[in-house]
Amino acid sequence: KRECKKRAAELRDEILLKQPESSHWGDCPICCLPLSIDPDKSTLMSCCCKLICDGCDCANVRREVREKLDRKCPFCRHPVPKSEEEFKRNILRRIKANDPVAIRQMGGYCNQEGDYDGAIEYFKKAAGLGDLGAHYELSVMYRFGHGVVKDKKNEVYHLEKAAISGDPF
């Protein structure tokens, strides 16, 4: 029994410490190159909730300017929102479609506004749908007790889920 527990701990550590094959953000859906770990080097498109690398976004903008076209998403060709309200409306539309990225994004908005109960609700739903960024955000919420009771066990659980999935933060 002791050897089984030891082997289980070894396997858990092996999974936890294994280097991911690509960035935790995945690949750009246009050029298929891995997205940078730095979130400032990619753009979240609110229409389809896809992360597009800045290179593809820049190339799309150049083409649109050169050809005097209206600004559109390089992935789904939906018009780019012209205001923050329109951006949030797009996010809400994606939430209705059960998009985990949009749900996590809304959780981030709630968190910034101090609505920790709403943030927890959104983060839990996104994590349940497999969004690893939501697991990281939940670990932070449990660490500082924002909207939940401080809970080291839940903090570590969500942090490990995010780390196993490749989240470097």
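How do the residues of the lining of the second largest pocket divide into nonpolar, polar and charged? The model is predicted: local features need pLDDT of at least 70, side-chain atom pairs count only at pLDDT 80 or more, and totals for chains, interfaces and linings use all residues. Residues are numbered from 1 along each chain as its sequence is written, and side-chain values use heavy atoms, with hydrogens and water left out.

Select residues 42-45 and 50-53. These are strand 1 and strand 2, antiparallel over 4 bridges (strands are DSSP E runs of at least two residues, helices H or I runs of at least four, numbered from the N terminus; pairing requires at least two DSSP bridges). M45 has K50 of strand 2 as its bridge partner. The two strands form a hairpin with 4 residues between them, and C49 in the turn has a positive phi of about 55°.

Next, select H135, in helix 6 (residues 132-144). H135 is buried, at a relative accessible area of 10% (buried is under 20%, exposed over 50%, partly exposed in between; 1.4 Å probe, protein chains only). Setting aside residues up to four places away in sequence, H135 touches A127, H158, K161 and A162 (heavy atoms within 4.5 Å).

Finally, select W25, C49, L51, V101 and R104, which lie nearest the centre of the second largest pocket among its 17 lining residues. Strand 2, helix 4 (100-112) and helix 6 each give two or more residues to this lining. The lining residues divide into 9 nonpolar, 3 polar and 5 charged (Ala, Val, Leu, Ile, Met, Phe, Trp, Tyr, Cys and Pro count as nonpolar; Asp, Glu, Lys and Arg as charged; the others, Gly among them, as polar). On a 1 Å grid over the protein atoms alone, a pocket is an open set of points where a 1.4 Å probe fits, with protein on both sides within 12 Å along at least five of seven lines; lining residues have an atom within 4 Å of a point.
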